[in-house]
Amino acid sequence: MATMTIDGKNLEFEEKLTILEAAKRLQIKIPTLCYNEHLAPYGGCRICLVEAASRSAPNRSRLVPACTAPAEDGMVVTTGSQRVLESRRFVIELLLSRCPESQVILELAREMGVEPDGQNLDVVGHYLLHRAPRREVTNCILCGLCVRVCQQIPERYALSFKDRGITRKVTPPFERVAESCIGCGSCAYVCPTKTITIEEAD
Amino acid sequence: MKLKPEDIRLIREKYASVSAIRSGEGTRGKNIDLLVCAGTGCVSNHSLKVKAALIAEIEKHKLQDRIKVVTTGCNGFCANGPIVVVKPEDIFYQLLKPEDIPHLVEEHFLEGRPVERLMYRPGEGKPIPKMASIPFFGKQQLIALSNRGTVDPEKIEEYIALGGYQALAKALTEMSAEQVIEEIKASGLRGRGGAGFPTGKKWEFCRNARVVEDGDSAFAKYIICNADEGDPGAFMDRSIVESDPHALLEGMLIGAYAIGATHGFIYIRAEYPLALERLTQALEQAREYGLLGERILGSDFSFDITVSKGAGAFVCGEETSLIGSLEGKLPEPRVRPPYPAQYGYMGKPTNINNVETWANVPHIIIRGAEWFSAIGTDTSKGTKVFSLVGKVNNTGLVEVPMGITMREIVFDIGGGIPGGKRFKAVQTGGPSGGCIPESLLDTPVDYESLVQAGSIMGSGGMIVMDEDNCMVEVARYFISFTQQESCGKCTPCREGTWHMLNILEDITAGRGREGDIELLEKMGRQIKETALCGLGNTAPNPVLTTIRYFRDEYEAHIRDGRCPARVCKALITYSIDPVNCTGCTACAKNCPVACISGERKQTHVIDQDRCIKCGMCYSVCNFDAVRVE
Amino acid sequence: MAVEVTEKLQSIVERYKSGKSSLIAVMQDISQEYGYLPEDVLQEVSRLIDVPISIFYSLATFYSSFRLEPIGRKHICVCVGTACHVRGAAKIVETVERDLQIKAGETSMDGDYTLETVNCVGACALGPLVTVNGEYHGKMDQKKVTRLIKSIRQEISENQ
């Protein structure tokens with residue numbers, strides 16, 4: 001039987017568990033975007049970063065993604081420290097800079113105390129939300145959930161990533177409607193920012 | 001023919017003359033080997049034409065019984081190629097052209113008078129005939145590169161003649177797997193790919209990992225050689241593979257034996273066609289001799305290697321990405337833990353090491369951990385290979401003991417800065433590293449000291465910069481590189497580096513604002529904290545270190561709209577000095593936007609409104625009449 | 001329109017099916033054979049080895065060395081690795097872009113020239129470096145590269 005602590009609360013567990021799953025059991029909420037409990041975790045959006053210290057190095061805590069980091073015996077996790085809150089703000093500011101029209105991202109940002117027109121933005125926040133250029137108008141945060149669901153649930157592989165880095169986008173092969181798409185709507189269902197919509201084909 | 005351990009010794013004895021002549025201890029006067037460098041650098045400088053000319057001349061004078069022409073891999077002194085070294089005399093000839101050869105052969109080999117005109121000459125000084133006396137070579141200590149310039153990389157028998165595969169024989173016949181690991185641990189060898197993790201410990205983790213019996217791959221454990229060498233400006237691994245591929249294979253064989261792996265991969269960059277060719281050949285030769293395959297050297301140990309080519313993605317140098325690429329997936333880094341030692345290729349325990357790390361292994365096994373750990377410093381044992389490039393006289397590949405100072409490398413071995421220019425900085429660690437300024441030139445080169453100075457050892461790229469390089473522009477360049485290579489999986493790297501690039505482009509274009517330096521520092525630190533992999537969390541380093549040591553340059557761009565090094569186009573003007581201008585019209589003729597006017601023999605004038613700052617006029621003027629301010 | 005399953009294509013497929021090569025190697029083999037990755041060939045191979053086309057598309061667009069469009073008769077690469085950069089590679093790129101009237105990453109309309117920047121070919125001591133169809137030209141500057149482009153243009157027009 002293993003034991004770990006999250007925000008001062010203890011949890012006993014036997015099976016393999018991620019920090020996010022352990023937190024859920026303790027009813028501790030950690031924000032997520034690219035996570036879906038039915039799909040293999042991705043660890044890409046970085047909004048779920050928490051501070052974790054292992055038993056062997058209790059004074060050296062690291063920032064780890066809760067959705068993929070394994071819970072370990074003797075681990076001490078903090079989900080609300082200054083370090084965690086700053087990282088979360090940074091990530092949400094980056095996403096809001098990318099998708100200022102997304103209500104979902106705006107909501108999440110407000111929950112974290114980030115007001116785009118507010119006075120409490122630091123120099124980074126101010127730049128990202130007031131000065132930074134925008135590459136394209138989109139609500140897609142490249143979380144990859146649509147790609148993963150299409151691969152793992154109906155297994156149709158109708159969507160994938162094109163290109164890499166900042167030019168990356170989600171698209172069917174060769175940017176035409178995928179032949180393998182069966183119109184199940186799973187991609188629209190899992191999309192956290194409601195970017196994907198289902199239309200009637202003529 | 002499958003070799004047995006004693007066959008290694010027999011082959012070495014059979015080819016003893018090779019070793020004798022190449023080491024310079026050979027019978028004097030009698031037989032001569034002419035070692036022609038055929039590394040990528042020299043070959044593109046037509047060294048193979050020089051080789052053909054040598055063969056033709058030697059046959060013409062009927063000297064072929066006494067004089068042999070041998071092609072070797074990279075000597076490391078790339079800027080001075082094509083190179084031919086005469087052994088056993090150790091006479092070094094450089095910058096050769098095919099038309100030099102008839103005179104060379106006649107004077108040196110028929111008249112016994114080595115040709116001074118073709119030797120190395122430091123600046124205006126006297127020529128230095130012997131290779132070992134040339135400071136570039138004399139101050140180096142070769143371990144990973146021991147055979148460079150000496151062995152013909154296409155002949156396995158020569159590798160064996162020079163002592164090759166002895167270490168493998170010793171490991172398989174006299175040592176247990178655990179003993180091999182202990183020896184590597186005791187040596188203090190640390191990963192040469194950049195992270196500097198203790199190699200022996202890494203092997204031990206993999207050896208002790210539980211073997212997963214399920215799954216769809218046939219082998220219990222894997223080893224991988226990372227030959228992706230993505231850092232621009234670094235060509236250490238390319239050199240090792242081109243010059244001495246068997247050193248890599250032997251190191252991997254010993255490692256596989258120690259770890260208990262039965263299959264290995266070499267992941268090599270597609271941009272290295274010659275290295276790939278030499279490697280493929282070496283693998284075939286090793287297989288023919290039974291040094292790869294079943295029951296090697298008559299032992300129970302079986303092992304073989306597959307070569308995989310990269311496809312142009314810097315992120316593949318990151319070990320979990322590399323594994324993803326080998327598996328045919330998108331090379332997106334994975335969160336660690338689990339580490340590859342426990343869960344790697346196809347979910348099996350996998351050990352990845354860099355080319356240079358593997359190449360050190362046979363030497364440690366033969367000469368012992370004590371010998372190796374006596375070289376270098378307390379925490380950084382052995383030697384390191386560096387590619388010394390950029391604004392330096394003796395550009396090339398050097399291997400030096402850890403602890404040597406940066407100053408010795410740049411000035412004693414590198415011969416200082418060309419054109420009488422002033423040294424400004426040396427960049428180590430590639431896009432993940434930082435700049436070392438003049439004030440820190442006496443920093444010893446070892447893992448910890450470089451980290452303290454704000455940089456990292458990295459894989460070995462050492463880029464020298466002078467007064468004509470703008471450090472803000474250098475920072476922009478590096479971030480632009482990592483930005484292009486970012487895989488796009490995680491938000492901080494994908495979005496964050498793009499923003500940092502935009503800010504730097506603003507600054508170099510004269511649009512920087514007060515507070516931008518602080519902005520870059522804060523954003524850089526945040527990206528380092530939150531990015532998923534090594535690419536993202538080191539991408540801000542070049543920006544942060546140039547701010548640390550060259551803040552004044554940033555401030556000049558932002559506050560004064562000035563680029564002190566006169567590089568950033570938006571902040572400089574080109575003009576013609578009437579004192580030096582002879583009216584030769586070369587600039588006007590070459591100006592792509594025809595913005596220079598003037599009659600023949602009259603001072604020419606640049607129309608500033610139309611000038612696009614391309615620098616063509618500066619480049620074609622032979623009278624030093626174009627000013628850049 | 002179905003693509004001809006040549007012997008070469010068949011052997012590429014066989015190697016993959018027998019586990020002797022990865023998807024990346026398959027795409028490298030196709031590139032070698034056709035000079036680039038034609039969409040219809042990828043669709044056919046996808047069918048033959050039963051791997052979804054979206055996977056191919058993802059890989060083909062991720063890696064720099066894969067291209068989905070054919071390259072020009074003269075493939076010009078300017079190295080912009082750090083060593084070449086500090087010696088002025090950026091100006092060389094600009095010069096070639098101006099001379100050929102295309103930007104790095106593009107192919108000319110007539111299909112004669114493709115210009116690319118590449119991140120280090122490992123011949124740093126000879127920088128700045130330009131390669132044309134794999135042939136290395138070292139110690140370049142703006143003057144020399146203008147001459148090089150002129151000679152390539154001449155070659156192309158002589159072969160018309």
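This is a predicted model: local features need pLDDT of at least 70, side-chain atom pairs count only at pLDDT 80 or more; totals for chains, interfaces and linings use all residues.
Taken along the principal axes, the C-alpha atoms of chain A fill a box of roughly 60 × 45 × 25 Å. When contacts in chain A between residues at least 6 apart in sequence are considered, 54% of them join residues at least 24 apart.

Chain C is divided by the domain assignment into domain 1, which covers residues 7-62, and domain 2, which covers residues 74-159. The C-alpha centres of these two domains of chain C lie 30 Å apart. Within chain C, the residue Thr131(C) is found in strand β3, which spans residues 130-132. Thr131(C) has a relative accessible area of 9%, and it therefore counts as buried. Leaving aside residues up to four places away in sequence, Thr131(C) touches His75(C), Ile76(C), Cys77(C) and Tyr136(C).

Chain C also meets chain B, with 36 residues of chain C in contact with 56 residues of chain B. The area buried between chain C and chain B is about 3600 Å², and carbon and sulfur atoms give 57% of this area. Of the area that chain C buries against chain B, 17% is supplied by Phe62(C), Thr82(C) and Val86(C), which is more than any other three residues supply. Across this interface of chain C and chain B, 19 residue pairs are found in polar contact, with both residues at pLDDT 80 or more. Several helices of chain C, namely α2 (23-34), α4 (53-62), α5 (82-86), α6 (89-100) and α7 (142-158), each supply at least two residues of the side of chain C that touches chain B. The residues on that side of chain C comprise 17 nonpolar, 13 polar and six charged ones. Side chains of opposite charge can pair when their charged atoms come close. One salt bridge is found across the interface of chain C and chain B, and in it the side chains of Glu94(C) and Lys569(B) meet at 3.2 Å, N to O.

The contact of chain C with chain A involves 14 residues of chain C and 15 residues of chain A. Between them, chain C and chain A bury about 1200 Å², with 59% of this area on carbon and sulfur atoms. Ser54(C), Tyr57(C) and Phe62(C) supply 47% of the area that chain C buries against chain A, again more than any other three residues. One salt bridge is counted between chain C and chain A, and it is formed by Arg176(A) with Glu39(C), whose closest N and O atoms are 2.5 Å apart. On the side of chain C that touches chain A, α3 (39-49) and α4 of chain C each supply at least two residues, and the largest share, seven residues, comes from α4(C). This side of chain C divides into eight nonpolar residues, five polar residues and one charged residue.

Over all chains, a search of the whole structure finds 61 salt bridges. Within chain A, the side chains of Glu93(A) and Arg89(A) meet in one such pair at 3.7 Å, N to O. Both residues lie in helix α2 of chain A (residues 82-98), four residues apart, which is about one turn of the helix. With a relative accessible area of 3%, Glu93(A) is buried. Another salt bridge joins the side chains of Glu485(B) and Arg164(A) at 3.1 Å, N to O. This pair crosses between chains, from Glu485(B) in helix α19 (residues 471-485) of chain B to Arg164(A) in the loop between β6 (160-162) and β7 (169-171) of chain A. Both Glu485(B) and Arg164(A) are buried.

In chain B, the side chains of Arg476(B) and Glu473(B) form a salt bridge at 2.8 Å, N to O. Arg476(B) and Glu473(B) are three residues apart in helix α19 of chain B, so about one helical turn separates them. Arg476(B) is buried, with a relative accessible area of 18%, and Glu473(B) also counts as buried at 14% relative accessibility. Salt bridges that share partners join Glu514(B), Glu521(B), Arg551(B), Glu555(B) and Arg559(B) into one network.

Definitions and conventions: Residues are numbered from 1 along each chain as its sequence is written. Chains are lettered from A and ligands numbered from 1 in the order in which they are written. Side-chain values use heavy atoms; hydrogens and water are left out. Contact means heavy atoms within 4.5 Å. Buried area is the accessible area (1.4 Å probe) that two parts lose on being put together, summed over both. A salt bridge is a side-chain nitrogen of Lys or Arg within 4 Å of a carboxyl oxygen of Asp or Glu. A polar contact is a pair of N or O atoms within 3.5 Å; within protein, one must be able to donate a hydrogen and the other to accept it, and residues adjacent in sequence count only if both atoms are side-chain atoms. Ala, Val, Leu, Ile, Met, Phe, Trp, Tyr, Cys and Pro count as nonpolar, Asp, Glu, Lys and Arg as charged, and the others, Gly among them, as polar. Domain bounds come from an automatic or database domain assignment. Buried means under 20% relative accessible area, exposed over 50%, partly exposed in between (1.4 Å probe, protein chains only).
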